[in-house]
Amino acid sequence: MSHQLPDIDPQETAEWIDSFDAVVDAEGRPRARFLLMKLLERARAMQVDFPATVSTPYVNTIPQDQEPWFPGDEYVERRIRAYIRWNAAAMVSRANYRSEGIGGHLATYASSASLYEVGFNHFFRGKSDGGFGDLVYFQGHGSPGIYARAFVEGRLTEDQLDHFRQEVSGRGLPSYPHPRLLPEFWEYPTVSMGLGGLCAIYQAHAARYLLQREIVDTSASRIWAFLGDGELDEVESIGALGVAGREHLDNLIFVVNCNLQRLDGPVRGNGKVIQEAEATFRGAGWNVIKVIWGSKWDELLARDIDGVLLDKMNTTPDGEFQKYATESGAYIREHFFGPDPRLRRLVEHLSDADLQALPRGGHDYRKLYAAYKLATEQVGQPTVILAKTVKGWTLGPEIEARNATHQIKKMTKAQLLALRDRLYLQEEIPDEALDAEQPPYYRPPEGSPAHEYLSGRRKVLAGPLPSRVVRAVTHYALPDDKAFSDMFAGSGAQAASTTMAFARLLRNLARDPALGRYVAPIVPDEARTFGLEPLIAESKIYAPEGQRYTPVDSDLILRYAEDRKGQILQEGITEAGAMATFIALATSYATWGRPMLPIYLFYSMFGFQRIGDLAWLLGDIRGRGILAGCTAGRTTLQGEGLQHDDGHSPLLASVNPAAHIYDPAFAYEIGVIMHDAVTRIMGPEPEDRFWYLTLYNENYPMPPLPTGDAGDVVRAGVLRGMYRFAEPAEVPDGTNRRATLLFSGPMWQVAMEARAMLAADWGVSADAWSVTSYTELREDALSVERANRLHPHAERAVPYVTRALADGTGPVVAVTDYLRAVPDQVARWVPRPFVSLGTDGFGRSDTRAALRRFFEVDAAHLVVAVLSELADTGDAKRDEVAEAIGRYEIDADSADPWTD
Ligand SMILES: Cc1ncc(C[n+]2csc(CCOP(=O)(O)OP(=O)(O)O)c2C)c(N)n1
Ligand SMILES: [Mg+2]
């Protein structure tokens, strides 16, 4: 602050302050504010550094005299916009006439039509010139307008529009931007509020990463994200703004449709959402362009010599502005201009009709054009355009700016007639056309001026959009077994964790001569925890500015290395941000025609649980890549406690239809799974799926992959979900009692210990299976079950899990470091008595041994479970069970561990 600086000329300072006081006294605060603004402008021009002010008056950022020439044909553009507005409203109405309750939105697009049309006619670049075009994130609820434009362009048929929100037939249009369901059209899902903005920021960041690493020249593409003003309340919308500011992402433009309303009512009835957003964005280093007032206000502002209009604009809350949008000109004269005679005089020459028609900037394409142009010319900063609009604009007084507007899905004939008149479509849509129950669509015929203009503009701008294109790529030479050989060889006597094994494999992949360059390791602030220090030193962290300091560990081999061309994306403590980067790279095969292999390692508890909705988006957007949940397992992670102990991520992941989920125990299982995943992501027939592996920090010697045929059997089993790890144990002098133990991950030790105890002490011979994926087993079983149900005469097929367990006898007991619901996924296909032990409940801090005893997943509990099952079938005595409980000092009367 200034008071901490010495004042070298107090007299001069006092003179300045006196003059300022005099202005306030004599001419008022508005004049004083004006002078200050002028001084600041002057300071900037003279390169006198001054911290950016976070907010500016409630007027357009671009003054009228600095607006560029509008190069379009205003008349034709207005006609085109009218057609699109009409078709969007007709499509939603028709869908709801035919299928009551099918839904859709009229008001969002109605408020944003000009925001899109200026983009479509003048800025958004397509891909038909062989480039990548612009990446446009359309506001989800505005989808009707985007479909309507595609229809007017001739890209969608009437039949398709008539199947809006009716997708099951196969020819329908998804409600919102869903590439999963309309993959030739939609590119970027946005409808879960906040995710569009977040993903756009990291898309821009990933584009720079690809550029700096000279993998793809992304420099000609801009990323545009259209957001709602209500949507800005989502932490995801604004939480990453600083990334864009810090990295100077001038390839990024946000357009916020500030219609002042969200679903229920005003966004900031008592405040000003545009001013608030301006401060937020500016503070994060963005260039902010406000488009508040339409051209007709310019003349009033020019005559506002004493600043009363500006003051009124600055002090009127959004709730009032919303009300003015629903009121008559007389009301506006009375309430907005009325109280102050100077203001009233300012609009004396305007009729009430004129006052009602004073438009907002977001409906004025000249103002918007100026804003977009400036935004695209901005260097060194991302830009946000805050455009003020009316929600439901042109849809008539019963819909426009009403609190219920978001939820209106259907228009009456009278409302449609009024809309038709408002859009001057009497010729195209004659009265009789509205006699039918459903309003007609209108497409300007080929050769008409509108059609010519529309297609001409899109031709100049390299074709239509949205348009999702998956280009044929020359495929990479896939890494051979060598990259995986460390995994298959085992670790000898040396103890290692699966996380360490994975880190080693990652390093091998990054070093691979063909594929290595395309491997993108992503971490939030946890690389050390996962043993990635060698990778950091070797592959370096991506830092757009390089490393402009001497790192504290520069004299060490494993130093913290940052580089402009760094390969590792260390995204800081933001799982959502890291996931958004992952999503951008997981779809680079489509966006940039260049498949990447993103591998995102995170603390497993802070994975699906924290960013589950982004994982869902990853499935929607057809992302390909590998997620690794490290420090997994409710008892394997010792000491950390309840908020850290992941006992459920495989279950959370299992709800995502695009996920392949694996829970490997050994390095060679990781090798097999990763080899398969890399082939299926980067190979000639890539799948639009992603992999999730759970990795642990418990150290034990890693066994080698068996060689020869046995190795092949293991490899196949690992991928299908289970294989026999240990044959039935030799029983010294015992009975022929049998059992099967199923384990996953580090619980293999518990299973093997129990197997030995069962053989030595209880005369039970158990075999042990590694279950690498209950979800893969379940998917297979569900498919078989369905096929059997629907083909009653065909030979009965048998699920893999049933076949695998068919040739043993005795009970099957599964032990997992997750909820029992994980193994229970396959319960109904296990052909023998089945029980599972797992870690239901809240985690705790303690040692592994104490935790496994507490959660009843240690070897003793496994033995008791087997004996208890045997007793149920008469193959063991109840006394034996009681004896085991006593011998292992199990407290049978303690409370269930999952109840507290
Ligand atoms: C995460 C999430 N929460 C809630 C919704 C439901 N929703 C859909 S639109 C909407 C209001 C949108 O308001 P705004 O962002 O201002 O957009 P507008 O339609 O006004 O342009 C809400 C709450 C959603 N789609 N996503
Ligand atoms: Mg809104």
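Q: Which residue in S5 does Cys258 stand opposite?

A: The model discussed here is a predicted one. In it, Cys258 stands opposite Lys388 in S5. The two strands concerned are S3, residues 252–258, and S5, residues 383–388, and they pair in the parallel sense over six bridges.

Q: In what order do the five strands of the open sheet with parallel pairing lie?

A: The order is S1-S2-S3-S5-S4. Strand S1 (135–137) and strand S4 (287–291) stand at the edges; each has a single partner strand, so one side of each is left without a neighbour in the sheet. On average, neighbouring strands of this sheet are turned by 15° against each other, direction ignored.

Q: Which helices lie across strands of this sheet?

A: One of them is helix H4 (residues 107–122), which lies across strand S2 (223–228), S3 and S5 and runs at about 140° to S3. Another is helix H17 (residues 365–377), which lies across S2, S3, S4 and S5 and runs at about 175° to S4.

Q: What is the strand order in the open sheet with mixed pairing?

A: Its five strands are ordered S16-S18-S17-S19-S20. Strand S16 (722–726) and strand S20 (834–837) are the edge strands, each pairing on one side only. Leu742 stands opposite Trp769 in S18.

Q: How many residues line the largest pocket, and which lie nearest its centre?

A: Rolling a probe the size of a water molecule over the atoms shows where empty space is left. The largest pocket has a volume of about 2000 Å³. Its lining consists of 49 residues, with Met37, Glu41, Asn60, Thr61 and Pro63 lying nearest the centre. Helix H2 (29–45), S4, helix H11 (296–302), helix H12 (308–315) and H17 each supply at least two lining residues. The largest share, ten residues, comes from H2. By class, the lining has 23 nonpolar, eleven polar and 15 charged residues.

Q: What is the volume of the second largest pocket, and how many residues line this pocket?

A: Its volume is about 1300 Å³. There are 43 lining residues, of which Ala357, Pro359, Trp393, Thr394 and Arg422 lie nearest the centre. Several helices each supply at least two residues of this lining, among them helix H13 (318–324), helix H14 (329–337) and helix H18 (413–422). The largest share, seven residues, comes from H3, the helix spanning 74–98. The classes here are 23 nonpolar, seven polar and 13 charged residues.

Q: Which protein atoms are donors to the magnesium ion (ligand 2)?

A: The protein donors are Asp229 (OD), Asn259 (OD1) and Gln261 (O), which lie 2.0 to 2.1 Å from the magnesium ion. In sequence, these donor residues are spaced D-x29-N-x1-Q. Asp229 lies in the loop between S2 and helix H8 (235–238), while Asn259 lies in the loop between S3 and helix H10 (273–283), so the pair ties together parts that are 30 residues apart in sequence.

Q: Which residues are joined by a cis peptide bond?

A: A cis peptide bond joins Leu465 and Pro466, with omega at about 5°. Pro466 is found in the loop between helix H19 (449–460) and helix H20 (481–489).

Q: With which residues is Gln166 in contact, leaving aside its neighbours within four places in sequence?

A: Gln166 is placed in the loop between helix H6 (158–161) and helix H7 (195–212). Apart from those sequence neighbours, Gln166 is in contact with Ala95, Arg98, Ser99, Ile102, Gly172 and Leu173. Ala95 is 71 residues from Gln166 along the chain, and their C-alpha atoms are separated by 8.7 Å.

How values were computed: Residues numbered from 1 in each chain as written. Chains lettered and ligands numbered in written order. Predicted model: local features only at pLDDT ≥ 70, side-chain atom pairs only at ≥ 80, totals over all residues. Heavy atoms only, no water. Pairing = 2+ DSSP bridges. Helix = DSSP H or I, 4+ residues; strand = E, 2+ residues; numbered from the N terminus. Axes fitted to C-alpha atoms, helices over the stretch in contact; angles between N-to-C directions. Contact = heavy atoms within 4.5 Å. 1 Å grid on protein atoms, 1.4 Å probe; cavity = no way out; pocket = protein on both sides within 12 Å on 5 of 7 lines; lining within 4 Å. Points joined across faces, edges and corners; volume = space filled by probe spheres on them. Nonpolar A, V, L, I, M, F, W, Y, C, P; charged D, E, K, R; others polar. Donors = N, O, S within 2.8 Å, 3.2 Å for Na, K, Ca; no water.
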